[in-house]
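These are my notebook entries on a structure that was new to me. I record what I looked up, topic by topic.

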Amino acid sequence: MALPIKQIKKYNFYPSLRARACRVWIAKFNGQPSSFNCVFVDNQGGAIQALAKTRDLPTFAATIIEGNHYEIKGFYTYENRVVNTVAAHDAVIDLKSNTKITGIEAITPHVPRYYFNFIDYAHILTKSKGSRILTDVLGRLKALQPLEQVMVRGQTLENKREFMLENIRGEELRITLWGDSARDFDELALHNLPSPVIIAFAGFRVTEFKGKPNLNSTAASLWYFNPDIPECLAYKHFFAQLPVEIQQLPSSSNAVLSIEEQIKENRRTIHEILCMNPYEHKHLRFTCQASIVDFDFPNGWWYPSCPKCNKKLSGGEQNYTCMDHDAITSLPVPWFRLECIVTDGEDVTNFLLFGKTAENFFGSSAHHYVYDKKFIDPSVLPPAMAAKLNKSMIFQLRFGAFRSITNRCEVIITNIFDDTTNKSIHPLETPTPEPKSSATSKTSTPLSSMKQVLIAPSTPQNTITQLSIAPNSLETPPQNISPNKETSINSEARRALDFEAATQQNSPEDEHEKAIEVQGNLGNIATSDTFDHSLPPSKKQRTTSSSSSKRLGNHDAHS
């Protein structure tokens, strides 16, 4: 007798399961494939999620095709705690290298082609918000926003695309695709579809914006054009009698501006920045023309981080531990974090520089400096970084969150433009490629494909002492060069700036962030995970019509 999916328990071994793969997707992290996922459904209405890790992804991606029937032999299960849960089952099938997948004939009684758990628009907030089970919705495509890039939290560029769905009661629902999902959506395919265009969006997370529901994409999000399911019939009949032209949504207010517009955007002097209330300007992005006269890094200019989640590591060199991923088996990934002491000729303050922005500015990753160039000591500044001092630049900035430890907010650098050429520094200079050191650089995760860490650093206090900087104070004193030509800068004794004013403002000290922080040694840092495999891309989009099956095969229904 066939094993019913509803009888499968967590933490067990099962010899065989016969089911249909009704949904298949490849989750991505930082643009790289991270896991293979599918939903198996049997003829008794049971559904269970199956997952294969990165190393086995190519095998299962080539074997399991959405819509086909399979027998799964010799598999284990574990508790369903996956972030993007699609099936409301206590267990998840662990697809391992020794799990056998064999294609079979169609199962009888019939198993529906699709697996959806549609939620009515009126109940989305009450039933789906906060639920760990992702949400599926169906509707007529009313409006579409072209692909655009937006600045998230004033710090990270993210691809974004929005849709407006409409049900037969005239209720509207906003859908937002982010990152890889936004890029994967094929807008041109819409022109070849009959009207009205009915879309099933599956695997979305519900949020609330201004009292209305909004569905945001996840790594498990898929969409199906005109799926052959009974729910579509009511839409086609209703909208066949109405004009159904697809409208275009306006661009987002935080869409990325041109380089010229960004350079001139909300220009401020240091005096004006220090007098700004960070709470009133929390979401404001502004610019400042200034130069870096020194770097302040009492805890080091880089710190080690978890290769998976960008969070701070604890423990020493022999016992790195992440609060979310326990013991770290690979080398930690170095990540930039240092304060820039800047002046505009009238005042002086600190701007925080870290992560990808620092990589673009210095023309290389911290990984390259530490593991390849051997600048392992975080208190010793590489000469290429010191060469950035005393050059006029335009800084794009935002305020971070208030931190009680320092009783201030930091001003975070989100981009740097060369004041001479008015071009974004991506990077300002390109270092000469050097061969990577053997095992070290291969074991640790390169930073070139990392996702920017979204953290909330802080900004100087809203008090200011008017300072007049002496003309000679902007010259950088000679550096102390270590035997291996590293530039040594003592974090305890910062180079002094000579001010004519009687009162001098001290630059604030570095503090630990809640997500990533420097500890001055290899014991504390943050990072992100990348994947070295060249793997097949995830098919996010499925196109069907009521008249032909094309790529989707059978036109079966499941509500």
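**Entry 1. The chain as a whole**

I began with the accessible surface of the chain, which comes to about 25,500 Å², with 50% of it belonging to carbon and sulfur atoms. I note at the outset that this is a predicted model. I then looked up the secondary structure and found 10 helices and 27 strands. Of the 559 residues in the chain, 53% are buried. I also looked up the contacts between residues at least 6 apart in sequence: 73% of them join residues at least 24 apart.

**Entry 2. Salt bridges**

I turned next to charged pairs. Side chains of opposite charge can pair when their charged atoms come close. How many salt bridges does the count come to? I recorded 18 salt bridges.

I looked up glutamate 79 and found a salt bridge with lysine 10, with the closest N and O atoms 3.7 Å apart. The pair links distant parts of the chain, 69 residues apart: glutamate 79 belongs to strand E4 (residues 69-79), and lysine 10 to the segment before strand E1 (13-29). Glutamate 79 has a relative accessible area of 22% and is therefore partly exposed. Lysine 10 is also partly exposed, at 38%.

I then examined arginine 140, which forms a salt bridge with glutamate 166; their closest N and O atoms are 2.7 Å apart. Here, too, distant parts of the chain are linked, since arginine 140 is in strand E7 (residues 135-144) and glutamate 166 in strand E9 (residues 156-166), 26 residues apart. Are these two residues buried or exposed? I found both arginine 140 and glutamate 166 to be buried.

A further salt bridge joins the side chains of lysine 142 and glutamate 172, at 2.3 Å from N to O. Lysine 142 lies in strand E7 and glutamate 172 in strand E10 (residues 172-178), so this pair ties together parts that are 30 residues apart in sequence. Lysine 142 has 18% relative accessibility and so counts as buried, whereas glutamate 172 is partly exposed at 43%.

**Entry 3. Patches on the surface**

I looked for charge on the surface and noted a patch of positive charge where Lys53, Arg55, Lys96 and Lys308 gather. Of these, I followed arginine 55 to the loop between strand E3 (47-53) and helix H1 (57-63). Its relative accessibility is 61%, so arginine 55 counts as exposed.

Which residues make the nonpolar surface patch of about 240 Å²? I recorded Ile168, Phe238 and Leu242. Leucine 242 has its place in the loop between helix H4 (230-239) and strand E13 (247-248), and at 40% relative accessibility leucine 242 counts as partly exposed.

**Entry 4. Buried elements**

I looked up helix H7 (residues 355-362) and found 7 of its 8 residues buried, so the helix is largely enclosed by the rest of the structure. The buried residues in H7 are Gly355, Lys356, Thr357, Ala358, Glu359, Phe361 and Phe362. After H7 comes glycine 363, with a positive phi near 75°.

I also followed isoleucine 394, found in strand E22 (residues 392-399). With a relative accessibility of 2%, isoleucine 394 counts as buried.

**Entry 5. The backbone**

Most residues other than glycine have a negative phi, and most peptide bonds are trans. I therefore searched for departures from both patterns.

The peptide bond from threonine 108 to proline 109 is cis, with omega near -5°. Proline 109 lies in the loop between strand E6 (100-103) and helix H2 (124-127). I found a cis peptide bond between serine 195 and proline 196 as well, with omega about 0°. Proline 196 is in the loop between helix H3 (179-184) and strand E11 (198-209).

Tyrosine 11, a residue other than glycine, has a positive phi near 55°. I placed tyrosine 11 in the segment before E1, and noted that it is exposed, with a relative accessible area of 56%. Lysine 374 is not a glycine either, yet has a positive phi of about 70°. I located lysine 374 in the loop between helix H8 (366-372) and strand E21 (380-381), where it counts as partly exposed at 40% relative accessibility.

Notes. Residues numbered from 1 in each chain as written. Predicted model: local features only at pLDDT ≥ 70, side-chain atom pairs only at ≥ 80, totals over all residues. Heavy atoms only, no water. Patch = residues over 30% accessible without salt bridge, like charges linked within 9 Å, V, L, I, M, F, W, Y side chains within 5 Å. Areas by Shrake-Rupley, 256 points an atom, 1.4 Å probe, with all protein chains shown as cover. Salt bridge = Lys/Arg side-chain N within 4 Å of Asp/Glu carboxyl O. Lys, Arg positive; Asp, Glu negative; His and termini not counted. Charge placed at Lys NZ, Arg CZ, Asp CG, Glu CD. Helix = DSSP H or I, 4+ residues; strand = E, 2+ residues; numbered from the N terminus. Buried < 20%, exposed > 50% of the residue type's maximum accessible area, 1.4 Å probe, protein only. Contact = heavy atoms within 4.5 Å.
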